[in-house]
Structure formats: C-alpha cells, structure tokens
Amino acid sequence: MSDSLPIIGIDLGTTHSLVGVVDAGFPILLADSGGDRLLPSVVHYQPDGSAPLTGQPAARMRARHPSRTIGSVKRLMGRRFDELAPDDTADLGYRVVASPSGRAAIDPGAGDNRQISPEEVSSEILRALKDRAEEALELAPGSLTRAVITVPAYFNDGQRNATKRAGELAGLTVERILNEPTAAALAYGLDKLDERSRVAVYDLGGGTFDLSILELRDGVFQVIATDGDTRLGGDDLDAALADWLREKMDLPDPLDAIQQTTLLAESRRAKEALSTVASVTVSLPFFDGPRSYSTEVSREEFEAIARPWIDRTRAHCLRALGAAGCLAVSDPTLFDRRSNPVSSEITGIDRVILVGGSTRIPLVRQIVAEIFGREPDVSQHPDEAVALGAAIQAGILCGRVRQVLLLDVTPLSLGIETFGGLMNVIIPRNTTIPAKAGEMFTNAIADQASMLVRVLQGEREMARDNWELGRITLDFPPGPKGSARVGVQFSIDADGILTVLARDTATQTDRVLEIRDSAVDVDDARVEEMIAESVDHAFADMNERVWTEARLKSEELLPAVELALAQAGDALTPEEMAAIKSAATAVRELLADPGLPAQRLRMANQSLDDATETLAAILVERALERALGAGLGA
Ligand code: ADP
Ligand code: MG
C-alpha cells in the first residue's frame, strides 16, 4: 500500500527549504497554497506554547520577537556548544546555549524555561513541507512517511544524524541523506555524463558558500573535494547594500530593530531585482516617523559593493580544484591573484553548475566563468536544483510512481515517435485507467530548438504504422546534443481523456494536448485489426527497429572514427589502421543495404567499436598531454 505513495525529496536549506516528488516520470516541486515553492527556514515559537509558526508568517515575527524566532538553525545542527565560534552565533538574533549534554541549543528566553534543540526546529520545517506535499498531492494528512533529505557535502556524521533525527521527529523515515551537490548534479541530468566525468558545483546561497568537485564512478557521484565558507552568502550582500544605502540616503543613526529589518528587506529586494534590471528604486515610506526616503541604485553600483564578497569565493574554488588534482600548476601566488584568468591552469572539469539563489546575480556568473575558464551550466533554476535532485533520488528509490484504479483498460498502446521514426510506448496496451506515465527525452541533434511530439496509438514498432492522435511542438533553448531535458507525460483520467504534457524542464515551458475518447474508445474491430497486423509483422517490425537503432549508432560512429583517424591515425600500426578501415567499410556497406538482417549491422558496429580501442586510448592520452602542456605554458 505505502509502496504506491511517493517518497518526498527535501532541500533543508539554511535560508529556504523546498519539497518535491517524482510524479509519473517528472520531478516536480510543490508549492504552498499561495504558489510559493521556497519556504523560509524560519520557525517562530509562540509564548503561549501553541503550535509554532513556520515559513513566511514566522519570518514576519523576527523584527519584534527575535529571541523566539529561529532562522539559520542549520548552522547549529549536530554541533557541540563548545565548538561554535562566536561568529557562528553573533547575528542569529536569538540566544544559543549549551544543553545538559553539551550540544548547542536555543533558549527562547522571556520566561520560557525550556530549551529548544536545533533538531526540533528543523523538524517543524520538515513537517510544514510534508503537510504541504500531502495537500498538493491531495493525500490524507499523515500519508507521506518517507523522505530523502539533503545536507552539505561537508556535514560530518553528527550533523547528518541530527538531520535524520529531525526527520524522525517530523514523523518521517529518512530513506537517504543525500549530499546537496550530488542532488544538484542529478537535477542537471549529469548522471548521464561519461564515467569519470568531473563536475564542479558552485553553490552560493543565503548564508553559505560551498564548492564541491564530484566525480562520476559506476554511475554514482563521489565527492572528491569540497571547500567553502560557512559565513558567506546573499545575506552579506544585503547587509553591504544596506550600509551603502544608509549612508547614501543619510538615514538616522542608530536604527531601531524594525527600521533595521525594513532596510535589510528593501536591500534584499533591490539586490534580487538588479539581477534582471539595470536599476531600481529603493523607497522607505514613513521610515522615521513621518519622514520617507527614496533613492536609485544601479547594477553597476551594486556590483561595486558586491564584488569584494564574490571575489572571496575564488580562493575556495582554487583550493578545492587543487585538492582534487585539477590544477595543472601549483603556484602559491595563485590564491591571491585577482585579475588574472586562471582558465588554462584548470584541467579535467567537464561541467560547472550553479546552485543557490545568489548565483542568479550576473556578476557571480561572470566571476565563475572567469575562475573556471568556461561558461557555467545555467539550465536549471539555481535555488531549486537541490530540491529537484532530492525529488529525483526519492523517485529512484521508490520506483516510478503509478496510481491505478481498476476501471477500464487501454485497448492499444499509447506512445510517441522518437528519433529514427520508432514508436516509443509510454502507456502499454491493457493498462488499467486512470493511468499516468512519463519519460524524459533529450535532443538527438546539436542546436535543435524544438521537439515535435507525435502522439501515437498502436502496436507496431515503427511510428508510421501506428495511428497519430495528435501532435505538439515544444520549443527549448538550443544547446549541444543531449543537453535538453524534455519530459513527456501521458495521463488518462477515469473518463478516458488522454492529456499529453510536454515540458522543457530548463525553462519550465509546458505544452498540453487533450485528446478525448480515442485513447480508450476504439472500435473493437479496428483494435483486432491492429493487433493482428502487429502479429503478422512482428518479425519484420522487430528487424526494422533493430536496424534503425543500429543505423543511428553507425551514423554516430562513422564520422567519429573519421575524425579520430585524422587526429591520431599517425600513431597506429599499419595493421591497426587496416583493421579499422575494413571494419568501417563493412559498416558502410551494410548501411547501404537495408534489406539485410539488422543483426549484421549491429555486429559490424561492435567490430568497429572494438577495432578503434587503441585509437581511443591514444586520443585520450593526447588530450591529457595537451591539457597539461597548456597548463604549464600559462
Ligand atoms: P540556502 O541554500 O542558503 O537556503 P538559497 O539557495 O535559497 O539559500 O539562496 C538564498 C539567497 O539567494 C538569498 O540571499 C536571496 O536574496 C538570494 N537570491 C534569490 N534570488 C535572487 C536573485 N534573483 N538575485 C540575487 N540574489 C537572489
Ligand atoms: Mg542551498
């Protein structure tokens, strides 16, 4: 029973938390009733002991009741009181004390004698997210009991266990504690990269900066280096901008707590707006009694304020790269060098991805590109990537979510046409409805800017032999082959209405097509005809599918071999060269004759693959030499 319920994925962040699930093949994030996906990680404890407030309503209490309004509690999770630096607790606004067992705890003061543990606070946030998920998925309260929760890669056992305990306090079985950078890499689809690929994850959030370097081994990400600053993030930019505004607008000094909070909130709003517009107005109506203040801030001015903070991430990146062995030269002065591009010295990083709300700032993107000598991948929303990855991991753990009631069945398979004219079944024949299923697709060709989704019905292997029920075109930003992530979801409701949803996950663009009746109501005679045909043609159909798949493979292989020969053919023995040439000729000849059994083409591909093994090894070696050479020369 509980197997059919999803496991939820949670990003338990320092400043924001989110929850998601995989719903019929799609990772989705769940919003509250106001449409917000980000829940401020703040809990307010009421003096009368009634249920604590969480999220936005709690955050609003901060100015007036700082001692019982707990934010950034992640900093305290699983820490001993005596290992905290004064800096760790200085600007929290509430009192941190030692629990009887020496752990960091919160004293809400004001006649409230109890201590609150960081786990308790986190459990309130987790509970709010769980409630939100149940509401969004229209499940009975208490039905969701399993979760994946993310933590920073540098969290030690104590901090991980505390996170797990927080989950348990919220009534959740924590199926996995997942590293945040790993979750982000999953959301960016990087688990599809080649073995041993390396990914740098640059995470600049509200209060922390983390740089992690991951390596894909046996399909699983290993964290091979981390570095960062637990006291550096968007909050610092808010404060720096607030200081600048205070001077520029000549605000009263000192500010009271409410004024300080208002100014900070306005600074933050201005900062976030400046990520997309060139200039904003900051206005503080009736800020000081009847007095109002207002001024303009340009992006340039903000960048001058922000640059020193963002520049501080550079040394952390280089340190992590050095620890991971991705710096070709170890130059001790490197760490202080500000203006020199260091791109040529970095090797072996296949992708740089951005995580955390503060990486929406254009200057951050620019500095990251400078540090790594390449443009970062920005195809996901940076403040949602971790949660999306947690949802994907949760989806992997529980298998595909499928909710089926016994009502009626699909008489014929439903699917879409994929590359090469093949039928890709999404809901098989004889599936009980209502039913929902989906799959992720990617672009087969570089710079493809759209995908045509042809909705098909039938049992034949080739798209052209099935019936077309409708089509949708989905546009997405062009990129290299395999970079797009398009989810296609089919759902048939109890009335037999098929809704096809195609979504570009990068831009969250949706196209929806509704098909009435025909998915379920097909004339019996036509169904029989279709099935009989599919049986009659089973052998030829299967041969054509295998042939098409093999042809696509050959078409990829042949030009790749040509290119490799041109680059490194000189290093081969005459025998090796001859073997490759004859294997390639065999593939070419078979390609020219589609009438032959498809297995032969498949085997010819395999032989060509085998024959080029040495060639591939030489290419890799040369690439390495080149990379090292470039590094030393710089
Ligand atoms: P955390 O992981 O620390 O909980 P997030 O990844 O949610 O944090 O990042 C929160 C930070 O991102 C805040 O400082 C917020 O102001 C900042 N932020 C969010 N959106 C933008 C934006 N458009 N431009 C600049 N900063 C932003
Ligand atoms: Mg985060």
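Leu-501 has Val-512 as its bridge partner in strand S27. On the other strand considered here, Gln-489 stands opposite Leu-501 in S26. The model is predicted, with local features requiring pLDDT of at least 70 and side-chain atom pairs counting only at pLDDT 80 or more, while totals for chains, interfaces and linings use all residues. Residues are numbered from 1 along each chain as its sequence is written, chains are lettered from A and ligands numbered from 1 in the order in which they are written, and side-chain values use heavy atoms, leaving out hydrogens and water.

Strands (E, at least two residues) and helices (H or I, at least four) are DSSP runs numbered from the N terminus; two strands pair if DSSP finds at least two bridges between them.

| Strand pair | Residues | Bridges and direction |
|---|---|---|
| S25 with S26 | S25: residues 486-492 | Seven bridges, antiparallel |
| S26 with S27 | S27: residues 509-515 | Seven bridges, antiparallel |

Six of the seven residues of S26 (residues 498-504) are buried, that is, under 20% relative accessible area with a 1.4 Å probe, protein chains only. Four residues lie between the strands of the S26 and S27 hairpin, where Gln-508 takes a positive phi near 60 degrees.

Helix H6 (residues 234-249) has 16 residues and, at 1.5 Å a residue, should span 22 Å, which agrees with its end C-alpha atoms being 22 Å apart. The expected span is 1.5 Å times one less than the number of residues. Among the buried residues of H6 are Gly-234, Leu-241 and Met-249. The buried residues of H6 pack against helices H7 (257-273) and H8 (299-323) and strands S15 (279-288) and S16 (291-298), contact meaning heavy atoms within 4.5 Å. Asp-250, which follows H6, has a positive phi near 55 degrees.

Key
Buried < 20%, exposed > 50% of the residue type's maximum accessible area, 1.4 Å probe, protein only.
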